[in-house]
Amino acid sequence: MYAQMVKSEKAIGGPELETFQARIDAGEKIEPKDWMPAGYRKTLIRQISQHAHSEIVGQLPEGNWITRAPTLERKAILLAKVQDEAGHGLYLYCAAETLGVSRDKLTEMLLDGRMKYSSIFNYPTLTWADMGAIGWLVDGAAIMNQVPLQRTSFGPYARAMVRICKEESFHQRQGFDIMMKMAQGSASQKRMAQDALDRFWGPSLMMFGPPDTESVHTEQSMKWQIKMNSNDELRQKFVDQTVPQADYLGLTIPDENLRLNKKTGHYEFSEPDWNEFFEVLGGNGPCNSERLAARNKAWDDGKWVRDGMMEHARKKATKESEVSE
Ligand code: 3HC
């Protein structure tokens with residue numbers, strides 16, 4: 001069905017495209033039943049579902065610490081956060097489905113490695129301080145990217161983002177709170193906080209995608225307002241926001257080239273290791289195979305639930321059609 005839609009849209013061109021672009025330039029929302037170019041649909045499906053997969057796979061590194069949270073309160077907060085991420089995945093899969101692709105198909109493509117999810121979730125969580133670093137840095141980077149996406153041109157995506165952003169901001173604060181407790185704690189707790197920052201800083205910068213000069217999709221995606229900012233713009237904003245927070249915590253950003261440029265008002269910083277980034281995207285990060293194996297196992301283990309629900313729905317539909325006859 002999706003292939004058919006794309007084919008029929010390819011036949012349409014010229015004036016439709018101009019009207020479409022004019023609607024976007026005027027700030028109108030595009031809704032699922034509106035005409036849209038095949039490339040717009042394809043890019044949205046890719047971006048929204050990659051985002052959904054990131055939320056789902058992103059539960060794994062933090063889920064790793066639920067049983068080992070240091071207090072009941074921390075455990076309850078972490079549980080709530082991880083459940084929120086599942087909810088974000090569901091809103092986003094629903095938004096992607098309005099474009100004519102099924103959630104089952106998207107899941108299949110995640111599980112067999114055809115679709116990507118955020119590179120950051122291929123790193124291990126080694127200590128409790130990593131829960132702080134993920135909330136502070138990873139959710140912090142996610143918000144930086146997602147707040148502008150509330151204004152993205154596709155209605156269902158923009159609306160899903162509103163609720164997601166509210167929850168991400170709670171996630172970021174709980175992470176910062178963990179970091180603060182550890183940074184102000186014993187010497188070994190402070191060392192753990194610094195070590196978590198050291199390991200997550202580079203991968204957090206990579207979350208914004210490759211440098212603009214190497215980004216395949218940015219130019220067209222910004223024209224269509226699928227993306228509102230370039231990768232480098234958001235990365236710079238993230239650094240500018242996060243460095244003073246690290247100072248407040250008394251932690252050191254692991255970058256000897258980091259300095260405030262007084263003329264521009266922005267921090268200058270080192271590029272992350274882009275070779276490492278492309279290795280992780282290619283499936284060779286520290287936890288890629290572990291993450292995919294965990295998702296495949298969850299899918300296989302859940303088969304009896306899906307089968308039961310489908311059977312229940314089938315029986316209900318048969319009963320209803322018998323009553324109406
Ligand atoms: N991890 C994995 N893949 C990445 C990536 C990353 N950090 N950055 C870029 N890529 C991929 C792109 O998807 C694209 O892949 P493809 O063409 O092979 O499908 C390729 O690298 C080239 O990069 P581009 O810059 O051209 O790609 P985009 O224009 O799509 O920009 C993006 C990348 C900025 C991540 C953009 O897709 C985006 O804004 N996505 C929406 C937000 C999102 O997905 N965030 C993920 C994190 S969600 C999260 O963190 C959960 C929270 O709870 C913590």
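Which oxygen atom is 2.8 Å from a polar backbone atom of Val 216? An oxygen atom of the ligand. Taken alone, the ligand exposes 1,000 Å², and the protein buries 90% of that. Accessible areas here come from the Shrake-Rupley method with a 1.4 Å probe; for residues, only the protein chains shown count as cover.

Some ground rules. This is a predicted model: local features need pLDDT of at least 70, side-chain atom pairs count only at pLDDT 80 or more, and totals for chains, interfaces and linings use all residues. Residues are numbered from 1 along each chain as its sequence is written, and side-chain values use heavy atoms, with hydrogens and water left out.

Back to the ligand. Ser 215 puts a polar side-chain atom 2.7 Å from a ligand oxygen. Met 207 has a backbone N or O atom 3.5 Å from a ligand nitrogen.

Next, salt bridges. The rule is a side-chain nitrogen of Lys or Arg within 4 Å of a carboxyl oxygen of Asp or Glu. The count comes to 19. Take Arg 235 and Asp 232: their closest N and O atoms are 2.7 Å apart. Why are these two separated by about one helical turn? Because they are three residues apart in helix H11, residues 231-249. Helices are DSSP runs (H or I, at least four residues), numbered from the N terminus. Arg 235 is buried, at 1% relative accessible area. Asp 232 is partly exposed, at 27%. The cut-offs: buried is under 20% relative accessible area, exposed is over 50%, partly exposed is in between (1.4 Å probe, protein chains only).

Now helix H13, residues 288-301. Lys 297 and Asp 301 both lie there, four residues apart, about one turn. Their side chains meet in a salt bridge, 2.7 Å from N to O. Lys 297 is exposed, at 52%. Asp 301 is partly exposed, at 43%. There is also a network: salt bridges link Glu 62, Lys 81, Glu 85 and Asp 139.

Cysteines. Cys 94 is partly exposed, at 46%. Cys 287 is buried, at 4%.

Last, helix H14, residues 303-324, where Trp 304 is found. Trp 304 is exposed, at 66% relative accessibility.

Note on methods
A polar contact is a pair of N or O atoms within 3.5 Å; within protein, one must be able to donate a hydrogen and the other to accept it, and residues adjacent in sequence count only if both atoms are side-chain atoms.
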